[in-house]
Amino acid sequence: MKQYQRAALALVVAKLEFGNTKSNIYDYNESLYPQISGNVNAQEAKLFDYQRSVIFEGRHTGREFNLYDYGHSEFISLKKKGIKKYEGYHYGNSSYFEITISGSTINFYDFSTAQYYRFS
């Protein structure tokens, strides 16, 4: 999974947990605020990545979000698994990920890299 996809997913989770008032996130691994914005609610997510000029969007099926990165033509699933915990699957590289929230920090574990990525 690409770092900007992780950032988009972290922003989706931040907006689901903290509301659309959360307009951006900080990527500690890249030491920057990704240029991604948009709206997320319980039914749909619609973000625009200004750096790549790409839409990242999807709908909630009742069980999970089915998201699509138009820049790479890749599907990504995202499912709430508990209080402040999400998991998903990246179909582009056939790998799982987990996202947990602690305070205002979003911890993203990518099984394909076996590494943590942190956002806030």
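**Exercise 1. Find the hairpin of β4 and β5, and say which residue in it takes a positive phi.**

Step 1. Start with what a strand is: helices (H or I, at least four residues) and strands (E, at least two) are DSSP runs, numbered from the N terminus. Here β4 covers 65–69 and β5 covers 74–82.

Step 2. Check the pairing. Two strands pair if DSSP finds at least two bridges between them, and β4 and β5 have five, in the antiparallel sense. One of the partners to look up is Ser 77 in β5, which bridges to Asn 66.

Step 3. Look between the strands. The hairpin has four residues there, and Ser 73 takes a positive phi near 55°. Ser 73 does this although it is not a glycine. Most residues other than glycine have a negative phi.

Before you go on: this is a predicted model, where local features need pLDDT of at least 70 and side-chain atom pairs count only at pLDDT 80 or more, while totals for chains, interfaces and linings use all residues. Residues are numbered from 1 along each chain as its sequence is written, and side-chain values use heavy atoms, with hydrogens and water left out.

**Exercise 2. Work out what surrounds Glu 57.**

Step 1. List the contacts (heavy atoms within 4.5 Å). Skipping neighbours within four places in sequence, Glu 57 touches Ala 45, Lys 46, Asn 66, Leu 67, Tyr 68 and Tyr 70.

Step 2. Pick out the polar contacts. A polar contact is a pair of N or O atoms within 3.5 Å; within protein, one must be able to donate a hydrogen and the other to accept it, and residues adjacent in sequence count only if both atoms are side-chain atoms. The side chain of Glu 57 has one with that of Lys 46, at 3.3 Å, and one with that of Tyr 70, at 3.1 Å.

**Exercise 3. Classify two aromatic pairs, Phe 48 with Tyr 50 and Tyr 89 with Tyr 91.**

Step 1. Recall the rule. Rings of Phe, Tyr and Trp (its six-membered ring) pair if their centres lie within 6.5 Å; planes under 30 degrees apart count as stacked, over 60 as edge-to-face and the rest as tilted. The structure holds 10 such pairs.

Step 2. For Phe 48 and Tyr 50, the centres are 4.8 Å apart and the planes make 75°, giving edge-to-face. Phe 48 is partly exposed, at 28% relative accessible area.

Step 3. For Tyr 89 and Tyr 91, the centres are 4.8 Å apart and the planes stand at 80°, so this pair is edge-to-face. Tyr 89 counts as buried at 18%, whereas Tyr 91 counts as partly exposed at 46%.

**Exercise 4. Which residues touch the most other members of the largest nonpolar core?**

Step 1. Define the core: a set of buried Ala, Val, Leu, Ile, Met, Phe, Trp, Tyr and Cys residues joined through side-chain atoms within 4.5 Å.

Step 2. The largest one has 27 residues, and Leu 9, Leu 78 and Ile 99 touch the most other members.

Step 3. See who contributes. Among the elements giving two or more residues are β1, β2, β4 and β5, but α1 gives the most, with eight.

Step 4. Zoom in on Ile 99. Beyond its neighbours within four places in sequence, its contacts include Leu 9, Val 13, Leu 78, Ile 106 and Phe 108.

Conventions: Buried < 20%, exposed > 50% of the residue type's maximum accessible area, 1.4 Å probe, protein only.
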